[in-house]
Amino acid sequence: MTITLNRTILAVSASILLYGCGSTALVSTPIENIDTVPLKISELTEAEKKNWGHTDLLTDTIPGMSVDKAYSEIIGNKKGETVIVAVLDSGMDLTHEDLVDVLWVNKGEIPGNNKDDDNNGYIDDIHGYNFLGESYNEQLEMARIVGKKLGDASLQAKAKTDLDKDYQKALQNKGQYEQILQAVQNADEEVKELLGKDSYTKKDLTEIESNDESMQRNVSILMQMLSIKDTIPEVISELKDGIKHFSDQLNYNLNVDFDGRKIVGDDPYNFDDRGYGNGNPKNRVDDESHGTHVAGIIAAKRNNGLGANGVAENVEIMSIRAVPNGDEYDKDIALGIRYAVDNGAKIINGSFGKAYSPNAEWVYDAIKYAADNDVLFVHAAGNSGEDLDDPNNPNFPNDQINNGPEIADNVITVGALTSKYGSEMVASFSNYGLINVDVFAPGDDIYSTMPNNEYDFQGGTSMAAPAVAGVAALVRSFYPKLSASQVKAILLNSGLTTKSKVVVDGDASKAMDFQKISKSGKMVNAYNALIMADAVSRGKIKL
């Protein structure tokens, strides 16, 4: 659908760096009215689809972060300092062609000798640590609360209500997907038989002339599916993925009797029960692709002729496996944050979240520990299309309690944008909130690394957070004396904004001012962030 914007005002700091006499001066020319800038009405090219998060809004009319512009006009051949970014996630493919050269290596540890050579409390942690051991599937926290009777009666009752609702919804969705899959497969087989072909196009379908109601129904079903995906095999694959997702929910995530932690061997609700896990933070199955995708968004080797470009150069990725196929445990997250801090990370990316956190204080203490040690924590806002300022929509971990003051000034919570600049640029799934979400960044249909040297598109605030972590890494690389709180302020204050209304939760009746769905009211912009970082570092701007 073509998006038209009338009298849209965009406060853009279109700044350039002028070089002379060995010094750098900041020149800023605000552009307020972009009515004269042509909007992108054509479909994105394949190249644009794979790189849209790095594009420039004014040049490309796509709401990217001006990453390529930052490299071409500001960074050039300059070399910054190396920044360690911890990916606190599901583990990652440590042998991926686009990531293997950017892995953090613990030089104090000797691989494979089953000893804690550097005395950091973790054995053989060469590229990070695995707090999940060999576990993979897990319950959601509400299932644990009900099954293990955690917390008080009020918490258990609320968890039981939500669990029953979600169980019925998963059961219904699984049934619907199975019915749709059967209808599509039947239609696909009958059309192939009619055409005498193993494959067909939309054009082939439109040329079918039949008075048979069954065949007319087949064509209608397939045409509808081809409006969602390019080919029927892709549709079938997506439907099967959906059935697996809902089956996993029923069998593991929402099953109060399932015990995914047994194989790990610890008590996850005893913070003093340490020494579990192992030093191999690699994904355990191919489906465990989340951490690999996140890592690539941050730091996939740029311009090496392979599949994807990360946002930041001069980055070492530390892999911390703590997020299972289900809800993460508070203990794993708290210890993961502390591990990252103690082993040199300056930025931690947390693309995870949950509605219940029975031991949230462990994570709050870890976040404060990171703040005390000048480490930035970038967190995904979540994918429920909800206003996080509503107390009924909690998303842990966060940096405040009951919409109160922040516990620390080192957390950035990120919502997701689509590539459609205008009223539809906020991803329909993205959470939002004037208090609880700090900023927005590209997060819908992002192309990045996948296990086994593959690449693919994934969407979610999980993809928006590492985009911001990548920009933060750029700033910390070239301006290492800036503190975590200064970097946070720079990212929030240097972004682009618009006074136009945007649709949230995919519901046109929920149009809101873009400036009122996050604390900053802005989209992160790497080009402007580097310019502001330079000004702050020179004392030209005080935060």
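The buried residues of helix α9 pack against β3 (83–89), β5 (315–321), β6 (347–350), β10 (446–450), β11 (454–458) and α12, where buried means under 20% relative accessible area, exposed over 50% and partly exposed in between (1.4 Å probe, protein chains only). Contact here means heavy atoms within 4.5 Å, and helices (H or I, at least four residues) and strands (E, at least two) are DSSP runs numbered from the N terminus. Keep in mind that this is a predicted model: local features need pLDDT of at least 70 and side-chain atom pairs count only at pLDDT 80 or more, while totals for chains, interfaces and linings use all residues. Residues are numbered from 1 along each chain as its sequence is written, and side-chain values use heavy atoms, with hydrogens and water left out.

- The buried set is Gly291, Thr292, His293, Val294, Ala295, Gly296, Ile297, Ile298 and Ala299.
- Two packed helices are described by the angle between their axes and the distance between the axes.
- For α9 (residues 290–299) and α12 (residues 461–478), the axes come within 8 Å and cross at roughly 35°; axes are lines fitted to C-alpha atoms, for helices over the stretch in contact, with angles from 0 to 180 degrees between N-to-C directions.
- The crossing of α9 past α12 is right-handed, meaning the near helix is turned clockwise from the far one by less than a right angle.
- On the α9 side, His290, His293, Val294, Ile297 and Ile298 do the touching, and they meet Ser462, Met463, Pro466, Ala467, Ala469 and Gly470 of α12.
- Sorted by type, the residues of this contact come out as seven nonpolar, four polar and no charged (Ala, Val, Leu, Ile, Met, Phe, Trp, Tyr, Cys and Pro count as nonpolar, Asp, Glu, Lys and Arg as charged, and the others, Gly among them, as polar).

**Helix α4**

- α4 (residues 141–148) is also mostly covered, with six of its eight residues buried.
- Those six are Glu141, Met142, Ala143, Arg144, Ile145 and Val146, and their cover includes α5 and α8 (232–253).
- Just after α4, lysine 149 takes a positive phi of about 55°.

**Lysine 174**

- Lysine 174 sits in helix α5 (residues 153–195) and counts as partly exposed because its relative accessibility is 22%.
- Leaving out residues up to four places away in sequence, lysine 174 touches Phe246, Ser247 and Leu250.

**Aromatic pairs**

- The structure holds 13 aromatic pairs, that is, rings of Phe, Tyr and Trp (its six-membered ring) with centres within 6.5 Å; planes under 30 degrees apart are stacked, over 60 edge-to-face and the rest tilted.
- Tyrosine 122 and phenylalanine 131 are edge-to-face, because their planes stand at 80°, with ring centres 5.8 Å apart; both residues are buried.
- Tyrosine 447 and phenylalanine 457 make a tilted pair, 4.9 Å centre to centre with 50° between the planes.
- That pair links distant parts of the chain, from tyrosine 447 in strand β10 to phenylalanine 457 in strand β11, ten residues apart.
- Tyrosine 447 is buried at 14% relative accessibility, whereas phenylalanine 457 is partly exposed at 30%.
- One aromatic cluster is formed by Tyr122, Tyr129, Phe131, Tyr276 and Tyr339.
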